[in-house]
Amino acid sequence: MNKYIINGGKPLYGEIEISGAKNAAVAILPAALLINGKCTIENLPNISDVKISCDILSKLGAKIEWINNNTITIDSSSVTEFKAPVDMTSKFRASYYLIGALLSRCKNVEVGLPGGCNLGARPIDQHIKGFEALGATVNVSNGKIQASAKNLQGTSIYLDMVSVGATINIMLASVLANGTTTIDNAAKEPHIVDVANFLNTMGADIRGAGTDVIKINGVKELKGNTSYSIVPDQIEAGTFMLAAIASKGDIIIKNCISEHLDCLTAKIIEMGGHVEEDGDQIHVWADSRPNKANIKTLPYPGFPTDLQPQIGVALSIANGTSIINESIWESRFQYTNELNKMGAKISPQGKTAIFEGVEKLSGAPVYATDLRAGAALIIAGIIAEGTTELYNLSHIDRGYENIEEKFRKLGANITRVIEED
Ligand code: EPZ
């Protein structure tokens, strides 16, 4: 089993560059199936969720060419296959976007139920409600989802809860439908806007992305023949901002959009840290232990659940007692058991966890329980005294490009050890 060995105790200093957004990339790749031609995608994060998405697209008949580490061309003009291999789709959550994309492209789809991080129940009833409202028949059985439609007809869809996945999936299914589709109570995350911008660049007519009402005027086809650059990953940028605060360091984070991180910036200032925004870079530093703070995770523009474990590490060593309320995922406090092995004093109780700040953490063997938990435990290892061994790296590889190189560039002593099982 692979592991990181982290010798901690030193602040992080220096500059790093943020990669393209994972959660935009894993939606934009299936969205490319809608194009009757070729497109180029730039600033694509080189992570395992992207590699598996590309492998699935190839199996479906798309022609993929890697131009460099972060740029690909996709030619979907000859895609007719609508069955995605179950063993591949069950490896990651975002495979659910193949349902909307293939339904749109082929009027027919069969995929395995999506896998991904274990964050508790992850229903897709709102996605299915959207497909059915557009005229599809959907059947879930034997670990697979099948959907088909003679015609997809634009309609009004009200989401019962704000869902990133359902908003994007309904957008994908309705881009080529007849007439206009309206999504009410839509999610507003930057990656929703990015997927809409990508589709519009390729010839779609989507309006209102980034607000809670999105209108999709169906078009006959998407022609492509152009290129699109993926938005910077605000969760990766936020991870490094929190690493600066937790380690009492000083980091300049380049290639990011500071407005996407306003809620985190406000919290970091409340915690006694410093943030200076300058064009596409953010300078973050701290000269003392963080102050306590209370957090409630919410859909964008609220505090993102995907930064909850990372801020949890900073609060575990804060001056005073903090409370985090997790309102999106029921099992997102699993990392707190691992942090407690490193000397933290955290009591999770259902959707709430109480963080009694301790002066320091100490190195220990710990396990990444999911992607963001993995990133949080790297930060914990970096600020802890002594040596941390961090296992289950496949979770981290799913969503962070070159994370150990980036932390090493900032002065962290982190090494990947590849062990035979
Ligand atoms: C996306 O998941 C992200 N994944 C998650 O990122 C992120 O945590 C989450 O949005 C919230 O921001 C991708 O973009 C691939 P939701 P998604 O639909 O789309 C409930 C990471 O670490 N719900 O917005 O699956 C659901 O249970 C990850 O990068 C329903 O009840 O999340 C949850 O409580 C992990 N029925 C809430 O809504 C539905 O049909 C929000 O889920 C859909 C969702």
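The side chain of Q126 reaches the backbone nitrogen of D160 at 2.9 Å. This is a polar contact, that is, a pair of N or O atoms within 3.5 Å, where within protein one must be able to donate a hydrogen and the other to accept it, and residues adjacent in sequence count only if both atoms are side-chain atoms. Another polar contact, of 2.7 Å, joins the side chains of Q126 and D125. Q126 belongs to helix α5 and is buried, its relative accessible area being 4%. Buried stands for under 20% relative accessible area, exposed for over 50%, and partly exposed for what lies in between, with a 1.4 Å probe and protein chains only. Helices (H or I, at least four residues) and strands (E, at least two) are DSSP runs, numbered from the N terminus.

The model is a predicted one, in which local features need pLDDT of at least 70 and side-chain atom pairs count only at pLDDT 80 or more, while totals for chains, interfaces and linings use all residues. Residues are numbered from 1 along each chain as its sequence is written, and side-chain values use heavy atoms, with hydrogens and water left out.

Of the 25 residues around the ligand, Q126, S163, D306, I328 and R372 come nearest; a residue is counted as near if one of its heavy atoms lies within 4 Å. Taken alone, the ligand exposes 830 Å², and the protein buries 90% of that. Such areas come from the Shrake-Rupley method with a 1.4 Å probe; for residues, only the protein chains shown count as cover.

Which elements give two or more residues to the shell around the ligand? They are α1 (22-31), α5 (125-133), α6 (164-174) and α12 (371-383). The largest share, three residues, comes from α5.

S95 is buried at 1% relative accessible area, and a polar atom of its side chain lies 2.7 Å from the backbone oxygen of T89.

Strand β17 (residues 295-296) contains I295, which is buried with a relative accessible area of 3%. In the loop between β17 and α10 (308-316) is P301. The peptide bond from Y300 to P301 is cis, with omega near 10°.

Two asparagines have a positive phi. For N225 phi is near 55°; this residue lies in the loop between β12 (213-217) and β13 (226-229) and is exposed, at 62% relative accessible area. For N392 phi is near 70°. N392 sits in the loop between β22 (386-391) and α13 (393-397) and is partly exposed, at 24%.

A search of the whole structure finds zero disulfides, a disulfide being a pair of cysteine sulfur atoms within 2.5 Å. For C54, the nearest cysteine sulfur is that of C39, 11 Å away; C54 is buried, with 3% relative accessible area. For C263, the nearest cysteine sulfur is that of C256, 14 Å away, and C263 counts as partly exposed at 21%.
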